[in-house]
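Colleague: I am new to this one. Please walk me through how to read it.

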Amino acid sequence: MSDDEQRRSEAAEQVAPVCDAIDERVSRDLRSKAEQLAHRAERTHPMNRTPTVTAASAVYLAGLLVNEKLTQQTVADAAGVGVQSIRDGYRELFEHEGFGEGVELRDGHSDERAESGSESRSQVW
C-alpha cells in the first residue's frame with residue numbers, strides 16, 4: 001500500500017476518536033454519516049488534508065446533515081486542529097458531495113449561482 005493510500009485510509013478511522021473527544025453527546029447517526037463522508041473522501045475525492053482534518057470536517061458536516069449541529073470550534077478542539085481547517089475541509093466535502101449548488105453555507109459563503117440570483121437558495125447551512 002502506498003503512503004498516499006495509507007494516509008487516506010486513516011481518515012475514516014479518525015472519526016470515532018474525534019466524536020469521543022466531543023463533550024456533547026454525538027449520536028450514532030452522526031458518527032455513521034461522518035464515517036461515510038470520510039470514507040468517500042478517501043476513495044472518491046481524496047482531499048489534500050491530514051486524516052484528522054478530513055475526519056473532523058466529516059464530523060462537522062455530518063452534524064449539519066443529521067441536524068445535530070456542533071460548532072466548528074467544538075469539533076476543532078476535539079480533533080486538535082484549527083477552526084479554519086474545519087471550515088475549509090467541510091466546504092470541500094460539501095462541494096464534493098454535491099450539496100453546494102444553490103446553498104449558502106453557515107460561514108456566509110455561497111456558490112456563484114445563489115449569489116447571482118439565477119437560482120433561489122434551497123437551504124442555508
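Colleague: What follows H5, and what is its phi?

Modeller: Gly98 follows H5, and its phi is positive, near 85°. Helices here are DSSP runs of H or I, at least four residues, numbered from the N terminus. This is a predicted model: local features need pLDDT of at least 70, side-chain atom pairs count only at 80 or more, and totals for chains, interfaces and linings use all residues. Residues count from 1 along each chain as its sequence is written, and side-chain values use heavy atoms, without hydrogens and water.

Colleague: How far apart are the end C-alpha atoms of helix H5?

Modeller: The expected span is 1.5 Å times one less than the number of residues. H5 has 14 residues, 83-96, so it should span 20 Å; its end C-alpha atoms are 20 Å apart, which agrees.

Colleague: Which residues of H5 are buried?

Modeller: Buried means under 20% relative accessible area, with a 1.4 Å probe and protein chains only. In H5, the buried residues include Val83, Ile86, Tyr90 and Phe94.

Colleague: Which residues have the most contacts inside the largest nonpolar core?

Modeller: A nonpolar core joins buried Ala, Val, Leu, Ile, Met, Phe, Trp, Tyr and Cys residues through side-chain atoms within 4.5 Å. The largest has 33 residues, and Val59 and Val75 have the most contacts inside it. H1, H2, H3, H4 and H5 each give it two or more residues. H3 gives the largest share, nine residues.

Colleague: Is Ser27 buried or exposed?

Modeller: Ser27 is buried, at 11% relative accessible area. Ser27 is in the loop between H1 and H2. A polar atom of the Ser27 side chain lies 3.0 Å from the backbone nitrogen of Leu30.

Notes. Buried < 20%, exposed > 50% of the residue type's maximum accessible area, 1.4 Å probe, protein only. Polar contact = N/O pair within 3.5 Å; in protein donor to acceptor, adjacent residues only side chain to side chain.
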